[in-house]
Amino acid sequence: MTQEDGALDGLVRKRIRALRVAQGWSLEELATRAKLSQSSLSRIENGQRRLALDQLVTLARALDTTLDQLVENAADDVVVSPMIDGAHGLMRWPIKGDPGMSVMRQRMTEPPPDNPARMRAHPGREFLVVLSGTAILMLGHRRFRIETNQAAEFPTMMPHAIGAEGGPCEIMGIFDRDARRGHREITDTTTDRDAAEAPRR
C-alpha cells in the first residue's frame, strides 16, 4: 500500500465514524442498519480490519451517502481565489463541487431603480446575504428591506432589482447556473447600453 493509499484508507475510516456520530448513532445502530456485526464495524472504524468493497457499498447506503462520496479523496485546492470584475465591482468564486453554482460579492451605492422596466427576470434561484449596510430588494410589486446579516432567497423569474439604502452596502449572492447566466447577460447588456448612451449625457 502506498502512502497515498494509506492516507485515503484512514480518511474513509474517519469519514464513516464522523457520519455515524453526526447521525447520533451508536456502533450498534449503524451495524444493524448495515447488517454488520458491531465488532466488525468497530474494527473497520479503528483500522483493524481491511476495507472491503461490498462492506463500503453497504455502509454508504446505511449512512445515506454514495460510495463515490465515501471514498472521495481530500481536495488539494481547498483555497480558491476570486475572479475580479473591476468594471462592475464584482468578485466571483466558482463552486468546484457544482460548476453550475457560483458565489458573488458586490458593493452597491445606488438605490434600486424606480422604473419597473429596469427590473430583471430570468430562470433560476438566488440566495443573497447582506454583509454590511442595508439593501433594498424589489421583488415584483413588493419592497423588502434587508439589513446586515439578514438574507433573502427567491426565484429569479420574479422581476427583481436590488440596491442600497442610506449609504453603501455589500452583498454576497449564491446563484445557480441559470441565475448566474441571466445576471451575466443583463450586466453585459446594461454595460453596452450605458456605453452607447454616454456621449448623449
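Buried means under 20% relative accessible area, exposed over 50%, and partly exposed in between, with a 1.4 Å probe and protein chains only. The model is predicted, with local features needing pLDDT of at least 70 and side-chain atom pairs counting only at pLDDT 80 or more, while totals for chains, interfaces and linings use all residues. Residues are numbered from 1 along each chain as its sequence is written, and side-chain values use heavy atoms, without hydrogens and water.

In helix α4 (residues 53-62), the buried residues are Gln55, Leu56, Leu59, Ala60 and Ala62. They lie on the same side of α4 because their arc around the axis is only 160°, taken from the directions from the helix axis to the C-beta atoms. Leu53, Asp54 and Arg61 are exposed on the other side of α4. Asp64, which follows α4, has a positive phi near 60°.

The axes of helices α2 and α3 come within 8 Å and cross at roughly 105°. That makes α2 roughly perpendicular to α3 (65 to 115 degrees). Contact means heavy atoms within 4.5 Å; the residues that make it are tabulated here.

| Helix | Residues in the contact |
|---|---|
| α2 (residues 27-34) | Leu27, Glu28, Leu30 and Ala31 |
| α3 (residues 38-45) | Gln38, Leu41, Ser42 and Glu45 |

By class, the contact of α2 with α3 has 4 nonpolar, 2 polar and 2 charged residues.

An open sheet of 6 strands has the order β1-β2-β3-β9-β4-β7, with antiparallel pairing; two strands pair if DSSP finds at least two bridges between them. The edge strands, β1 (83-85) and β7 (151-155), each pair on one side only. From one strand to the next, the twist averages 20°. Strand β4 (residues 125-132) pairs with β7 over 5 bridges, and Phe127 has Glu153 of β7 as its bridge partner.

How values were computed
Axes are lines fitted to C-alpha atoms, for helices over the stretch in contact, and angles run from 0 to 180 degrees between N-to-C directions. Helices (H or I, at least four residues) and strands (E, at least two) are DSSP runs, numbered from the N terminus. Angles under 35 degrees count as roughly parallel, over 145 as roughly antiparallel, 65 to 115 as roughly perpendicular and the rest as oblique. Ala, Val, Leu, Ile, Met, Phe, Trp, Tyr, Cys and Pro count as nonpolar, Asp, Glu, Lys and Arg as charged, and the others, Gly among them, as polar.
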